[in-house]
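Please read it with the model open alongside.

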Amino acid sequence: MMNVRKKLNVLHNRMLQVASYGNRSPVSLGKPFAFQIEATNYCNLRCPMCPHDLMEREVGYMSFDLFKRVIDEVRDYSTEVRLHNMGESLFHRQIDQLIDYAKANGIKTVLSSNASALTERAAIKILDAGLDELLISFDGASKETYEFLREGARYDKVLEKVEAFLALKEKRGARLPRVTMSLINLPMTQSEIETFRARWEDRVDSVRIKPARNWDGSSARINGLVNLRAARPPESPCSWLWTSLVVLWDGRVVPCCMDYDAKAVLGNINEKSLEQIFNDEPMQELRRQHLENRVNESALCRGCAWPTKMDGPLVKGISQVMQGVSRAHEKRAQSV
Ligand code: SF4
């Protein structure tokens with residue numbers, strides 16, 4: 001349970017982020033969420049809709065000390081962290097310790113897995129550590145589709161692991177992790193959506209038909225497979241840039257999870273705090289590119305089909321209130 005102080009911190013931080021975005025300021029007054037912390041970028045599969053094989057950066061595993069540093073920084077105002085990015089995090093030997101440390105600091109943990117490494121040992125580890133949410137990317141209701149989309153995995157074997165995990169969870173009477181079975185929404189999976197839902201909806205906590213991504217839009221193979229509308233620059237500044245960051249296994253920090261190959265590195269947690277990186281010049285320049293209709297200058301954002309938005313009366317209302325608060329602060333400071 002979150003204590004009152006943390007709840008207020010979370011709310012205050014969120015309001016500052018919203019206000020900075022609403023005011024279209026290149027500086028975000030809020031502190032950044034570490035949306036995803038990449039435990040590893042190693043993966044055993046070669047899924048055609050994923051740019052993992054196009055990634056040129058070194059493969060590695062985040063050290064526990066580095067992970068602690070990130071959690072220690074964000075714990076007072078963050079409620080959730082995702083322990084995955086461009087790899088299969090169950091291969092991180094200390095995954096249970098990462099989960100445990102985040103939870104001990106009041107942060108909910110979410111892990112996305114292809115479940116091919118969900119052995120009994122791994123299952124016990126994540127159950128014991130109290131993982132809050134497990135997202136299983138099980139992309140296909142038929143062996144044929146599954147083995148095309150999850151190249152390198154065998155349908156029957158992975159299904160067996162998922163079944164064994166669910167049985168173990170039930171045997172232990174464990175409430176956590178909440179399990180979501182997800183199917184990627186592609187032209188080729190359309191005909192399997194209903195079968196997938198029917199198969200899983202009574203067996204897990206939720207079923208998700210996950211929107212396909214085109215990442216930074218640079219791969220013809222992925223663009224062809226996901227068949228998204230033509231990549232276009234965002235219509236309004238992407239609100240993501242005012243709220244969150246992604247920390248890679250080696251400590252480098254990138255704007256969001258679309259940056260699979262670290263094309264837009266903003267800084268390194270080994271050298272600076274996340275808070276400093278969040279308003280350093282590279283981040284401010286990226287925000288300015290969005291604010292000044294210069295998104296085409298960003299190798300990362302210009303081809304992205306999923307910019308996020310925060311708009312509407314709430315954003316405007318919070319911005320006005322926060323402007324009023326900052327004017328009152330200035331007045332008070334002048335009168336002292
Ligand atoms: S526009 Fe797309 S790539 Fe750029 S920060 Fe937003 S979500 Fe990420």
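The numbered points below go from the whole chain to single residues.

1. Basis of the note. The model is predicted: local features need pLDDT of at least 70, side-chain atom pairs count only at pLDDT 80 or more, and totals for chains, interfaces and linings use all residues. Residue numbers start from 1 along each chain as its sequence is written.

2. Overall form. The chain's secondary structure amounts to 11 helices and nine strands; helices (H or I, at least four residues) and strands (E, at least two) are DSSP runs, numbered from the N terminus. The chain has a radius of gyration of 21 Å, close to the 20 Å that the globule rule gives for 336 residues, so it is as compact as a globular protein of that length. The radius is taken over C-alpha atoms, and the rule is 2.2 Å times the number of residues to the power 0.38. Along the principal axes, the C-alpha atoms fill a box of roughly 70 × 45 × 40 Å.

3. Of the 336 residues in the chain, 41% are buried. A residue counts as buried if 20 or more other C-beta atoms lie within 10 Å of its own, as exposed if 12 or fewer do, and as partly exposed in between, with C-beta atoms placed from the backbone. Two residues are in contact if their C-beta atoms, placed from the backbone, lie within 7 Å. Among contacts in the chain between residues at least 6 apart in sequence, 74% join residues at least 24 apart.

4. The nonpolar core. A nonpolar core is a set of buried Ala, Val, Leu, Ile, Met, Phe, Trp, Tyr and Cys residues joined through C-beta atoms within 7 Å. The largest one has 83 residues, of which Ala34, Ile37, Val70, Val247 and Leu274 touch the most other members. Leaving aside neighbours within four places in sequence, the contacts of Leu274 include Pro32, Ala34, Val70, Val74 and Leu245.

5. Helix H2. In H2 (residues 64-74), the buried residues are Phe67, Val70, Ile71 and Val74. They cover an arc of only 95° around the axis, which puts them on the same side of H2; the arc is that of the directions from the helix axis to the C-beta atoms. The partners of these buried residues are strand E1 (33-37), helix H3 (95-104), strand E7 (244-247) and helix H9 (274-278). Exposed Asp65 and Asp72 sit on the face of H2 turned away from its buried side.

6. Helix H3. Ile95, Leu98, Ile99 and Ala102 are the buried residues named in H3. Their arc around the axis is only 95°, which puts them on the same side of H3. The buried residues of H3 pack against H2, strand E2 (80-82), strand E3 (108-113) and helix H4 (120-129). Just after H3, Gly106 has a positive phi of about 75°.

7. The ligand shell. There are 13 residues around the ligand, and Cys238, Cys256, Cys301, Cys304 and Pro307 come nearest. A residue is near a molecule if its C-beta atom, placed from the backbone, lies within 6 Å of it. The shell divides into 12 nonpolar residues, one polar and no charged. Here Ala, Val, Leu, Ile, Met, Phe, Trp, Tyr, Cys and Pro count as nonpolar, Asp, Glu, Lys and Arg as charged, and the others, Gly among them, as polar.

8. Backbone exceptions. Most residues other than glycine have a negative phi, and most peptide bonds are trans. Arg24, in the loop between helix H1 (4-22) and E1, has a positive phi of about 55°, and with 14 C-beta neighbours inside 10 Å it counts as partly exposed. Trp215 also has a positive phi of about 55°, in the loop between E6 and helix H8 (220-226); with 23 C-beta neighbours inside 10 Å, Trp215 counts as buried. The peptide bond from Leu176 to Pro177 is cis, with omega near -5°, and Pro177 lies in the loop between H6 and strand E5 (178-185).

9. Where is Asp205 placed? Asp205 belongs to the loop between helix H7 (193-200) and strand E6 (206-211). Asp205 is partly exposed, with 15 other C-beta atoms within 10 Å. Not counting residues up to four places away in sequence, Asp205 touches Arg178, Val179 and Thr180. Glu170, in helix H6 (residues 155-172), is exposed, with 10 other C-beta atoms within 10 Å.
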